[in-house]
Amino acid sequence: MARRKIIAGNWKMNKTPSEAKELVETLKPLVNNPDVDVVYCVPAIDITTVGEAIKGTNVMLGAENMSDQDKGAYTGEISAAMLLDAGVKFVIIGHSERRGYYHEDDAFLNRKVLKAFENGLTPILCCGESLEQRESGVTLDWIRLQIKSDLQGVTREQAASMVIAYEPIWAIGTGKTATSDQAEEVCGAIRKTIAEIYDEETAEKIRIQYGGSMNAGNCKELLAKPDIDGGLIGGAALKPDFGKIVNYDK
Ligand code: PGA
């Protein structure tokens with residue numbers, strides 16, 4: 001069974017609500033591809049505006065972060081239920097910027113993954129190694145550890161429905177993309193890890209993205225790899241280039 005490709009934009013901390021509306025309008029004629037799922041993961045303040053602006057299009061709404069708690073005295077946090085009610089379908093969990101700058105560890109991220117599922121959101125769980133880890137040869141061990149820790153208590157049905165994004169930290173926002181062979185090696189290892197935790201059938205269903213300086217020029221080669229089912233796009237998601245990535249097969 002062929003997995004449907006999923007191209008998600010990660011807008012990070014870019015675009016005010018009015019700029020977000022403008023960007024959605026600019027991208028509107030460019031992001032139609034009936035064979036691809038398209039997601040905009042946007043800053044929380046932009047969710048309502050972008051939700052309105054994508055109405056009637058093929059684009060789905062995503063968030064960049066979420067609380068591990070249900071509700072209550074957690075100043076500044078946004079719950080899964082709030083996201084769902086605002087029309088969000090996907091939520092990025094464990095981006096390396098959150099792991100690094102905000103010290104989100106695997107136990108915390110595991111709670112977020114479970115909370116997302118509990119509320120009917122689909123996690124886009126990020127993993128990835130640093131340059132030091134790659135150079136010292138521990139990449140695959142590190143990724144396996146992240147996946148196994150972050151998926152504790154996740155059922156096989158849930159795992160089959162989710163998205164994992166492999167994002168080598170050294171490739172994020174640096175213009176330094178992993179080669180398609182490097183990306184395929186790790187995405188393949190992630191699928192194998194899923195088969196070990198669950199079974200082959202689950203591993204065949206889960207969608208695995210590559211992220212890290214993916215752009216209009218390199219997307220075709222990356223997305224042609226058998227274990228790469230899509231992309232998580234940062235910088236290029238804010239430009240018309242995003243439409244070229246969505247239409248990588250044209
Ligand atoms: P980039 O970011 O495409 O700008 O490298 C990707 C990401 O961090 O998700």
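The axes of helix α5 (residues 106–118) and helix α7 (residues 139–150) come within 8 Å and cross at roughly 50 degrees. The two helices are therefore oblique to each other, a label for angles that are not under 35 degrees (roughly parallel), over 145 (roughly antiparallel) or 65 to 115 (roughly perpendicular). The model is predicted: local features need pLDDT of at least 70, side-chain atom pairs count only at pLDDT 80 or more, and totals for chains, interfaces and linings use all residues. Residues are numbered from 1 along each chain as its sequence is written, and side-chain values use heavy atoms, with hydrogens and water left out.

- On the α5 side, the contact (heavy atoms within 4.5 Å) is made by Asp-106, Leu-109, Asn-110 and Val-113, and on the α7 side by Gln-146, Ser-149 and Asp-150.
- These contact residues divide into two nonpolar, three polar and two charged.

**Pockets**

- A pocket here is an open set of points on a 1 Å grid over the protein atoms alone, where a 1.4 Å probe fits, with protein on both sides within 12 Å along at least five of seven lines; lining residues have an atom within 4 Å of a point.
- About 600 Å³ of space lies in the largest pocket, a volume being the space filled by probe spheres set on the points.
- Its lining has 21 residues, with Met-13, Glu-64, Asn-65, Arg-98 and Tyr-102 nearest the centre.
- Helix α4 (residues 96–101) gives the largest share of that lining, three residues.
- By type, the lining of the largest pocket holds eleven nonpolar, five polar and five charged residues.
- The second largest pocket holds about 210 Å³ of space.
- Of the 20 residues lining the second largest pocket, Ser-213, Met-214, Gly-234, Gly-235 and Ala-236 are the closest to its centre.
- The lining of the second largest pocket divides into five nonpolar, eleven polar and four charged residues.

**Salt bridges**

- The whole structure has 25 salt bridges, each a side-chain nitrogen of Lys or Arg within 4 Å of a carboxyl oxygen of Asp or Glu.
- One of them joins Asp-37 and Arg-4, with the closest N and O atoms 2.6 Å apart.
- Asp-37 lies in strand β2 (residues 36–42) and Arg-4 in the segment before β1 (5–10), so this pair ties together parts that are 33 residues apart in sequence.

Conventions:
Helices (H or I, at least four residues) and strands (E, at least two) are DSSP runs, numbered from the N terminus. Ala, Val, Leu, Ile, Met, Phe, Trp, Tyr, Cys and Pro count as nonpolar, Asp, Glu, Lys and Arg as charged, and the others, Gly among them, as polar. Axes are lines fitted to C-alpha atoms, for helices over the stretch in contact, and angles run from 0 to 180 degrees between N-to-C directions.
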